Amino acid sequence: VVDDEPGVRLFCREVLQIDGLLCHDADSVEAGLAKAREHLPDLVLIDVNLGAVPGTELLRQLRESPPAPHLKVIMISGAASVDRLLTNAAGHREVTP
């Protein structure tokens, strides 16, 4: 879980751990990339708005040199409209409001 809001990281981590999943979290693009390379996750949840460096930058870096070929990414956001942003960042679009 990569999000600059501690409460969001905690919530996501606790929800995923209910099902017995092992979770790690980070608060920035740099920390998220380091954790992904260290732990080789199956899934990464990334906040679109990560402060100074947007979450789409982490998505781009993971796609350029993924830590694992099976890596799945879910972009999350509290913003009302991120459709265009995600379409440009991911190269494809699957948005659920």
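Four salt bridges turn up in this structure, which is a predicted model. Side chains of opposite charge can pair when their charged atoms come close.

**From loop to helix H1**

- Asp 25 pairs with Arg 13 in a salt bridge, and their closest N and O atoms are 2.4 Å apart.
- Asp 25 sits in the loop between helix H1 (6-18) and helix H2 (29-39), while Arg 13 belongs to helix H1, so this contact ties together parts that are 12 residues apart in sequence.

**Within helix H3**

- Arg 60 forms a salt bridge with Glu 57, with 2.4 Å between the closest N and O atoms.
- Both Arg 60 and Glu 57 lie in helix H3 (residues 55-64), at a spacing of three residues, or about one turn of the helix.
- Arg 60 also takes part in a salt bridge with Glu 64, where the closest N and O atoms are 2.5 Å apart.
- Glu 64 and Arg 60 are four residues apart in helix H3, so about one helical turn separates them.

- Arg 60 is partly exposed, at 35% relative accessibility.
- Glu 57 is partly exposed too, with a relative accessible area of 22%.
- Glu 64, by contrast, is exposed at 56%, because its value is over the 50% cut-off.

Technical notes: Residues are numbered from 1 along each chain as its sequence is written. This is a predicted model: local features need pLDDT of at least 70, side-chain atom pairs count only at pLDDT 80 or more; totals for chains, interfaces and linings use all residues. Side-chain values use heavy atoms; hydrogens and water are left out. A salt bridge is a side-chain nitrogen of Lys or Arg within 4 Å of a carboxyl oxygen of Asp or Glu. Helices (H or I, at least four residues) and strands (E, at least two) are DSSP runs, numbered from the N terminus. Buried means under 20% relative accessible area, exposed over 50%, partly exposed in between (1.4 Å probe, protein chains only).
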